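Biologist: I am new to this structure, and I would like to learn how to read its pockets and its nonpolar cores. Could you take me through them one step at a time?

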Amino acid sequence: MSVVQQVKQAAVKAITSLYQIELREESILVNATKPEFEGDYTIVLFAFVKQIKKSPEQLGNELGEYLVQQNPSLFTSFNVIKGFLNLSISNEYWINFLSTNYDNAQFGIKEKNNEKVMVEYSSPNTNKPLHLGHLRNNFLGWSIAEILKANGNDVVKTCVVNDRGIHICKSMVAWQLFGNNETPETKNVKGDHLVGDYYVKFNDAYKKEIDELIAAGKTKEQAEKEAPIMLAAQQMLVDWEAGKPDVIELWKQMNSWVYAGFDETYKNIGSDFDKVYYESNTYLLGKDLVKQGLEKNVFYKKEDGSVWIDLTKDGLDEKVVQRKDGTSVYITQDIGLAEQRQKEFNAKQSIYVVGDEQNYHFKVLKLICQKLGLPSADGIYHLSYGMVELPTGKMKSREGTVVDADDLVAEMINIARQKTEELGKVKDFTEEELIELYKTIGLGALKFFLLRVDPKKKMIFNPEESIDFHGFTGPFIQYTHARIKSILRKTDEVASFGFQVSGSLSLLEKQLAVQLETFPAIIEEAATEHDPSKLAIYVFNIAQTFNSFYSQHSITNAENEEKKMLRLQLATLTAHTLKTGMHLLGINVPERM
RNA sequence: GGUCCGGUAGCUCAGCUGAAUAGAGCAACAGCCUUCUAAGCUGUGGGUCAUUGGUUUGAAUCCAAUCCGGAUCACCA
């Protein structure tokens, strides 16, 4: 049990027995004591001053006295300042905490609870390569899945590939028109980039045709509708749905190029999935649910045959769920897929990692599923994240302002190489080790940069100012880990030395121990709030505290053997915690750098 | 227009289930490498927490209004 929990429990007991008042543990506010005051944890008394009808000072003194008396192994002393009861936790408690946990590489990871969670993330379109926005999605999705695993859940990672629709047809048409049978092999370019290039070519040609039509006297609207290349794309979609063999073949061909490209990128950035769905297989799902919904009067039919749901009572609008021609819309397949996955996994939570532009969509999806009575409905959670923008505004593929994922990753690795070479600390590394290290650092910097902020906030990425390697960054934490490992490599005493420390802890020794002790609680918080940034901030704080500790205390040349062992334990547990915490963000930590 | 999200140091962000003098990083400035990795550490300066009003013993945090920025409200996905 965590210290904070123990404090709360003890406080509840104390208040009950002193004042005969029943309190819930949650109603007791326990904070870390501010550094300028004496103590480790602080109970804020104002909340129950009224109920108990005593002055905060009196209450604090009575409570403090009782707590110290009843829990001598936990509390050693207390002081009351205004409405704050500051409690000092005993040295023995921290020392005991360290000696029982320091060698546990799994520290912070919870036991399995067999609760199933589905995480859907990445979900790319097959008409263009991944860009910076997708990276935020992938890193978030992967991280939240790992965090939930660490919190005891049984996690299934899924991906829904949008492999059909008008946008794919655009790339196909452009390739037919301008491609000259070009392939990724003949052009020596990744398949997703090749297909993306034709998507751009389509839009260029489309724009040109519109201009020509306008010059010939058409209105802008007419021109947009009548441009031959757009008509060709629309025809291709019709042909695709009709299963026309040559269209299907081209579609399969081009998609296979894209998948080969995606696989390379995913492998590079560390994304993986337990199950991949393709919209070409799932886009017809949900039709039977529309029928059921009509029978249950959840949906209603208009005269023209289209099917709707009225969500005005829920503060939303009316929403179409089936077109008048009987075909389904986007949300219909999401409902169908939700049902299918319910049958497949029976997950308690379904987390959709999707940008905040779809907030409304997911509100509607959850409501509809609830109204249809799908068992998985209440567990639907939209992990909504803000767009990644450039200083100039949003990224626009048509304007060529998109930051390509592969390019960016390569650039980061390149910067990692430059900086590492400048420092010249790894001259004895083999070529393979260097390549590995540059990737670890470059990708670590990028992932940390994208994960350290609250997911729901939009963020600005400035490609001109490259991502920093100092301060609140991935490499800073990696460096701290490497430093510790360097010390531990030089000593193998830790595992064999059974010791008993009796002296007191220095300020920084204790601060580090106190922070390390909260790791399990931080993982739990990140999991319940679906927020990896909590973990990123925590890991940074640990590294910061360790570095201060490191600069003030010698570990291998400590004042005495006891201190040395204590510090080795602190360092070991710090290394484990940094490694685990970074792993949960999808970031590796090197042994040396 | 309706709904939702955001506005905290020059910049990027924590803090937002109310509590002590609002915190980090970057940038600026001043120090610290014959001692475990200086991708580090220490210190200094830097704030009308968008504005106004309210609730409260106590508000960056809760409520209301206003201003600014964004998203969304398709028989698109």
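The dialogue below turns to a pocket and then to the nonpolar cores.

Modeller: Please keep in mind throughout that this is a predicted model. As a general idea, rolling a probe the size of a water molecule over the atoms shows where empty space is left.

Biologist: What volume does the second largest pocket have, and how many residues line it?

Modeller: The second largest pocket has a volume of about 1,300 Å³, and its lining is made up of 39 residues, with Y41, V514, Q515, E517 and T518 lying nearest the centre. Two or more lining residues come from each of α1 (3-19), β1 (30-32), α4 (91-101), α19 (507-517) and α20 (519-528), and α19 provides the largest share, six residues. Sorted by class, the lining holds 16 nonpolar, 13 polar and 10 charged residues.

Biologist: Which residues touch the most other members of the largest nonpolar core?

Modeller: A nonpolar core is a set of buried residues joined through side-chain atoms within 4.5 Å. In the largest one, which has 154 residues, I43 and V119 touch the most other members, while helix α17 (residues 431-451) gives the most to this core, with 11 residues. If neighbours within four places in sequence are left aside, the contacts of V119 include G141, I144, L148, V155, I351 and V353. There is also a second, separate core of 25 residues, among them V290, A338, L365 and I380.

Conventions: Residues numbered from 1 in each chain as written. Chains lettered and ligands numbered in written order. Predicted model: local features only at pLDDT ≥ 70, side-chain atom pairs only at ≥ 80, totals over all residues. Heavy atoms only, no water. 1 Å grid on protein atoms, 1.4 Å probe; cavity = no way out; pocket = protein on both sides within 12 Å on 5 of 7 lines; lining within 4 Å. Points joined across faces, edges and corners; volume = space filled by probe spheres on them. Helix = DSSP H or I, 4+ residues; strand = E, 2+ residues; numbered from the N terminus. Nonpolar A, V, L, I, M, F, W, Y, C, P; charged D, E, K, R; others polar. Buried < 20%, exposed > 50% of the residue type's maximum accessible area, 1.4 Å probe, protein only. Contact = heavy atoms within 4.5 Å.
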